[in-house]
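Okay, thanks everyone, let me put this one up on the screen.

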Amino acid sequence: MTDLASSPLPVDDGGHDAIKGFAYQFDKTLLEIFWRPRQRLQIEGAQDLTSEHYHMQIKNRSGKFYLSSIGKAVRKMFSQFTINPFSSYILHCHFSDQAPGTSRSLNSNELDSLLAGQFDQVDADLKVQFLKSFSINFSEDYETQFEKVLDCIASELAAKDSTETLSYHAILHAYLRNLVLTKPAGSRWVGLNDLKKAVKEAQSAIFTATYVAYCGYEKYLKMVRRQYLPRRVNVPNIERLFSFECTQETNAQDIAEAVLNICDRYRIEENSPAPYFTFRGEFDERSIKAHLWEAGAYFNDGRGYHGGEFRMDILINPPFGAARIKIVEPMQLHDLMAKVTFKEFHDFYLVEKTDSPIPVPRPHHVFLQSHGDLAEVFR
């Protein structure tokens with residue numbers, strides 16, 4: 001009788017393979033961007049990778065090449081080809097028995113076998129056109145491709161040493177992963193400038209954490225205050241948006257006082273734009289509005305009256321009075337920024353910073369232990 005307790009159990013390594021597959025795909029994406037810095041690529045859209053001229057599926061396999069192993073990828077690309085027959089379709093893949101740098105196409109019999117049962121009624125001429133547009137490019141394994149990516153990061157992003165290069169690689173993978181998780185399919189576009197911005201913002205976050213840890217929070221606040229030195233003599237007449245991350249522990253009175261201080265700083269004349277404010281996180285926004293109202297800081301939130309239906313035109317151009325403050329809900333933020341041209345975006349965060357849903361030329365991110373500390377910044 002077999003001793004089941006001592007017999008090795010089969011190991012399911014599907015999770016590891018899936019993670020490695022995404023890493024392989026992200027590294028190929030980075031290489032494509034570094035090699036063609038003027039293009040922007042769409043990731044995880046109709047295909048794994050899309051440019052203006054081609055669509056690409058990316059696969060990393062540890063075993064040998066069999067026609068059946070690429071069937072799903074070919075069917076997915078052929079399905080898109082029936083809609084968009086004017087691009088090239090590339091299967092970028094690694095198989096252990098295929099030499100990197102080589103390529104092959106499919107013949108009509110091979111394509112028919114892969115499409116059987118799903119595209120039997122497709123016109124034969126369309127299949128011929130697809131065969132002319134489709135290629136299989138065999139590439140290096142994960143480790144070799146990874147080394148190429150590191151070389152590109154070191155040269156293109158001016159990493160100082162191997163440690164910084166690996167750090168940038170982790171930052172860029174996190175950026176691409178966040179893009180996939182937070183943006184809807186069809187809007188996940190990325191280019192070289194986006195990669196540079198991701199690294200720069202991560203460096204800023206690292207600097208903030210290091211400054212607070214080693215120089216102390218009070219010195220950090222003084223440094224932030226210097227960035228917001230009073231400019232009452234010459235305040236540019238531009239639209240500004242201030243975002244506050246709030247929690248259930250947020251003191252509504254601190255928020256209200258900060259909002260009033262910001263209004264005093266940036267709205268000097270009656271004809272200058274009223275700043276916009278948005279509050280995100282789990283908290284009671286009504287308490288903030290109540291404190292603002294009690295302080296005589298009349299605001300416009302696009303509803304006209306308490307509990308009324310939101311109207312964007314009322315928020316942007318209120319038909320009554322001149323509210324000192326405009327409050328926009330996070331869900332309305334993208335639509336607002338599509339109509340109003342903001343020149344500055346200020347994010348005050350407690351745990352996690354956020355980016356403007358539509359890029360602005362002057363984004364500012366300020367870490368706070370408490371919103372009450374803004375009294376030090378804007379005094």
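I'll go through the sheet, then the cores, then the cavity. Keep in mind that this is a predicted model.

Seven strands make an open sheet, ordered 5-6-4-3-2-1-7, with mixed pairing. At the edges sit strand 5 (103-104) and strand 7 (189-190), each of them pairing on one side only. If you look inside the sheet, strand 2 (residues 49-50) and strand 3 (residues 54-60) run antiparallel and are joined by two bridges. One thing to click on there is L49, whose bridge partner in strand 3 is M56.

In soluble globular proteins, nonpolar side chains tend to be buried together. Here the largest nonpolar core has 37 residues, and Y220, F244, I325 and F348 have the most contacts inside it. Helix 9 (residues 252-266) supplies the largest share of that core, nine residues. What does F348 touch, leaving out residues up to four places away in sequence? Quite a list: its contacts include Y228, F242, F244, I262, V366, L368 and F378, and also S243, E245 and H371. Apart from this core there's another one, of 33 residues, with F26, L31, I43 and V180 among them.

Last, the cavity. Who lines it? That would be E201, S204, A205, T208, Y349, K353 and H365. Helix 7 (residues 192-215) gives the most to this lining, four residues. By class, the lining has two nonpolar, three polar and two charged residues.

Okay, over to you for questions.

Conventions. Residues are numbered from 1 along each chain as its sequence is written. This is a predicted model: local features need pLDDT of at least 70, side-chain atom pairs count only at pLDDT 80 or more; totals for chains, interfaces and linings use all residues. Side-chain values use heavy atoms; hydrogens and water are left out. On a 1 Å grid over the protein atoms alone, a cavity is a set of points where a 1.4 Å probe fits but cannot get out, and a pocket is an open set with protein on both sides within 12 Å along at least five of seven lines; lining residues have an atom within 4 Å of a point. Ala, Val, Leu, Ile, Met, Phe, Trp, Tyr, Cys and Pro count as nonpolar, Asp, Glu, Lys and Arg as charged, and the others, Gly among them, as polar. Two strands pair if DSSP finds at least two bridges between them. A nonpolar core is a set of buried Ala, Val, Leu, Ile, Met, Phe, Trp, Tyr and Cys residues joined through side-chain atoms within 4.5 Å. Buried means under 20% relative accessible area, exposed over 50%, partly exposed in between (1.4 Å probe, protein chains only). Contact means heavy atoms within 4.5 Å.
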